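Morning, everyone. Please have the sequence and the model open while I talk.

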Amino acid sequence: MTAPTHLRVEHLENPLGTSLARPRLSWWLPAGATTQSAYHVRTGDWDSGRVDDDQHVLVRYTGPLPGSGERVTWQVKVWTDLGESAWSEPAFWESGLGTEDWTASWIEPSEQDVPEPGSRPAHLFRRDFTVPRAVSARLYVTAHGIYEAFLNGERVGDLELTPGFTAYRDVLHVQTYDVTDLLRAGENTIGATVSDGWFRGRTGAMRLADSFGNRTALLCQLHLRHEDGSTTVLVTDATWTTTPAWFTADLMDGQTVDLRQAMPGWSAPGYADASWSKAVTGTGGLYDDFARLTASPAPPVRNIEELTPVSIAQLPSGRQVVDLGQNINGRLRVRVPSGDHLVLTHGEALGPDGNVTVEHLRGVDWQTREPLSAGQVDQVISGGQADEVFEPRHTTHGFRYVSVEGASQPLTAGDVRGVVVHTDLRRTGWFRCSDDRVNRLHEAAVWSFRDNACDIPTDCPQRERAGWTGDWMLYVPTAAFLYDVAGFSVKWLRDLAVDQWDDGCLTNFAPDPGGRQVQHLPAEILDQFAGSSGWGDASVIVPWELYLTYADLDVLAEFRPMMARWVDFAAERARTRRYPSRTAAPAPHEEFLWDGGFHWGEWCEPDVDEEAFRTADHGAVATAYLYRSASLLSRISTTTGHQPDAERYGQLAANALDAWRTEFIADDGSLTPAAQATSVRALAFGLVPEELRAVTADRLVTLIRDAGTHVGTGFLATPYLLPVLADTGHLDVAYELLFQDTSPSWLTMIDRGATTIWELWDGIDEHGTPHASLNHYSKGAVVSFLHRHTAGIQLREDAPGYRHFEVRPEPGGGLTWAEAEFDSVHGRITSSWRIEGGRFHLTVTVPPGATATVTLPDGHGFTAGPGTHVDSCEV
Ligand code: RAM
């Protein structure tokens, strides 16, 4: 008898140390089932009984509240059209510590003066202790900085860059580890290394340090249960000792390790730490706030994959250049020849001399416009032992190439590994087709997402590593097909929400390290940090996409207050600010025209003068987003049962739409500014009335043709470009753009060797010179067209979670076959097609609990229930 599978707790599998008292449970129905009529959940000491309900996604657990550290093991069985199922395999969740369970004190290293940022030593902490045998042991740890924990000389767990990046002033994640197997009866030692990390290291576009404080610190609690039922709790306090470590680390600058100073055995019993200092207990301020300690709703960061170099070139200068063949986020693990001092410079491109070039990765100081260092340099000094291995675990870099200086011998591929580091997200979506370059483009978009999913969604893994809101807003629909990004996004949205300003303004990146570091900056610089349309709208659009993909209503409910405050802020800005060149008495619609303030606009269109762009009038973009967010918020308010708000925001949306139409649609129906992006947004957001859709689409095609059939959009409109063409009868033009291989185009990137998506259309120009970041996922959102149009798997807004979805493949561009799979919350959806002998053959799989409307290219179709369906038509 078959049973439910894929048991999940919130958006995680078997989470340890959760913060939610009553999580929601999900499962996939047994294979072959059509619908569920009832379920039955049981835990060790509770039983729901049979519940007549068809829900199997995010079903609230209503059993007894588990105590701190208590594990709840659960199983589910269901009644479907196949009858009563067997019990599922057991799954579990385990609660973490509550605020009141913390008895530990924060401890700081003994650091007289705070050294200069960028190369500050990490610190070690240790404590010996003696305990009887434990039958179970849990370690709860967090830090101000990045920590690694050790027990008896062994590294605890396999997580990286813990505790991760959050808005530390309000949210700090605690990791829970099962350390039963590392503990012994008798003498034990617990230790930790702590480096600057995001807390006080350099972060963001301006590489500012000390954003959250200028002291690193450690907090941990070890809970042991012994055979006789008694417990021991060991906490960080003044009995711990500390000393500077043999390495310095910074997330932007890199890590430097002097193995001559290493202290073998420092985290094992018997180590003589008499020369170490007493740890300093921290009090006051953040140290007193235990309420901000919580578990992450997202999966952790891990070492996900290791790459063997495709080549190691020896340069005449003596440098060696390692090529991983793939642009990654992570680090290089390298064998250190005895006696050598290696300097490792990480980059994404090679200069004409064959060496790594990093010029294009240097940011600028926003105030002085002075270039900043590109960072990403690691160093290791051999300790003189054979078989020394270096792996900088307190930093990561965005790179494909590493220039290695100082090696006395040639490195071989066996000496070096590229370690790929990112959030351990569950892969949910795949696509392949008959065209190799399109497949490589898809792969590059997947890699750009992986490289920018390092605990937060970043813009790029090198120059800024910042959680730019606009970037995630525009990519989340694509990412949500490729990976389960529910918990990952919720984590980030919480950081965005807690840093919302009193007037509802949102920072343009989250978490916001800003705080005290940026307050001295002049207003025109600070403006670029917060309040941009198309960026702050992530507060509405990201939760909406999560709701659509994962059918998670709580996401809408949780973030609705943030959305409302943002939209109110935008409306207020529209009402009170004007673009400076407007001096005539305002027309009535201008109250809803959002043309004042700083906006990033349609950032990174081809051939734009950046300085002029920064001060241009972006009212057409901002007002479009005011309409979009207000109308979504109106729908969200209806969905969450806030009817008065639904009406209020519905009215605001209508007013913003009217303002947009009055201002940007001319009498002849043409749009201003006459850019591709304007038409794309007009079609995607419904800004033009129904009767103007066809001419708007035709004008868009004209603009594309005028550009020699080239893309002309930047950040915000690119994801919608091919979909709106397909939806308005210009599928052929969509495919022409997809297959265009002269610049600007996606395939230019592939032909010029991109393994990740570039920030600029001409990221590597025709002369082979790199410009700006070569690893920004934004323009890669085009692959969503492959999922939703080429393979044709489309979610429907009236049936969140793909409960009812469309399969409407739109072949073109000479493709002879394409296939996509997507693991929805109900189970796997597939669409695969092949053109053979003049016929189009389609195979579709619908998961249990879902239905699909299938439409073939000739327009005929059918409604499909769970199972596999085949059909064909003429082409
Ligand atoms: C760039 C970032 C990011 C973008 C902002 C506006 O510096 O890399 O991608 O969102 O600017």
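Start with two strands. S13 and strand S19 (residues 217–226) pair in the antiparallel sense over ten bridges. Pairing here requires at least two bridges found by DSSP between the two strands. Strands are DSSP runs of E with at least two residues, helices are runs of H or I with at least four residues, and both are numbered from the N terminus.

Before I go on, some ground rules. This is a predicted model, so local features need pLDDT of at least 70 and side-chain atom pairs count only at pLDDT 80 or more, while totals for chains, interfaces and linings use all residues. Residues are numbered from 1 along each chain as its sequence is written, and side-chain values use heavy atoms, with hydrogens and water left out.

Back to S13. Thr 142 stands opposite Leu 219 in S19. S13 is also joined to strand S17 (residues 175–178) by four bridges, again antiparallel. There, Tyr 140 faces Thr 176 in S17. What holds such strands together? Strands of a sheet pair through backbone hydrogen bonds, either parallel or antiparallel.

How many of the eleven residues of strand S13 are buried? Ten are, so S13 (residues 134–144) is largely enclosed by the rest of the structure. Buried means under 20% relative accessible area, exposed means over 50%, and partly exposed is in between (1.4 Å probe, protein chains only).

Next, an open sheet. Five strands form it, in the order S36-S41-S42-S43-S46, with antiparallel pairing. Strand S36 (429–433) and strand S46 (867–874) stand at the edges with a single partner each, so one side of each has no neighbour in the sheet. Neighbouring strands are turned by 10 degrees against each other on average, direction ignored. Axes are lines fitted to C-alpha atoms, for helices over the stretch in contact, and angles run from 0 to 180 degrees between N-to-C directions.

Look inside that sheet. Strand S41 (residues 817–823) and strand S42 (residues 828–836) pair over seven bridges, antiparallel. Glu 821 has Thr 830 in S42 as its bridge partner. Helix H3 (residues 469–482) packs on the sheet, touching S36 and S41, and its direction makes about 85 degrees with that of S41. Contact means heavy atoms within 4.5 Å.

Now the rings. The structure holds 46 aromatic pairs. Rings of Phe, Tyr and Trp (its six-membered ring) pair if their centres lie within 6.5 Å; planes under 30 degrees apart are stacked, over 60 edge-to-face, and the rest tilted. Take Phe 165 and Trp 198: the centres are 5.2 Å apart and the planes at 5 degrees, so the pair is stacked. Phe 165 lies in the loop between strand S15 (154–155) and strand S16 (172–173), and Trp 198 in helix H1 (residues 197–200), so the pair ties together parts 33 residues apart in sequence. Both are buried.

There is also an aromatic cluster. Its members include Trp 366, Trp 468, Phe 598 and Trp 600. Which residue touches these four? Gln 528 does, and its contacts also include Asn 508 and Arg 614, not counting residues up to four places away in sequence. Gln 528 sits in the loop between helix H6 (523–526) and helix H7 (538–550). Its relative accessibility is 9%, so Gln 528 counts as buried.

Last stop: Val 421, in strand S35 (residues 416–423). Val 421 is buried, at 0% relative accessible area. Among the residues Val 421 touches are Glu 160, Val 301 and Cys 454.
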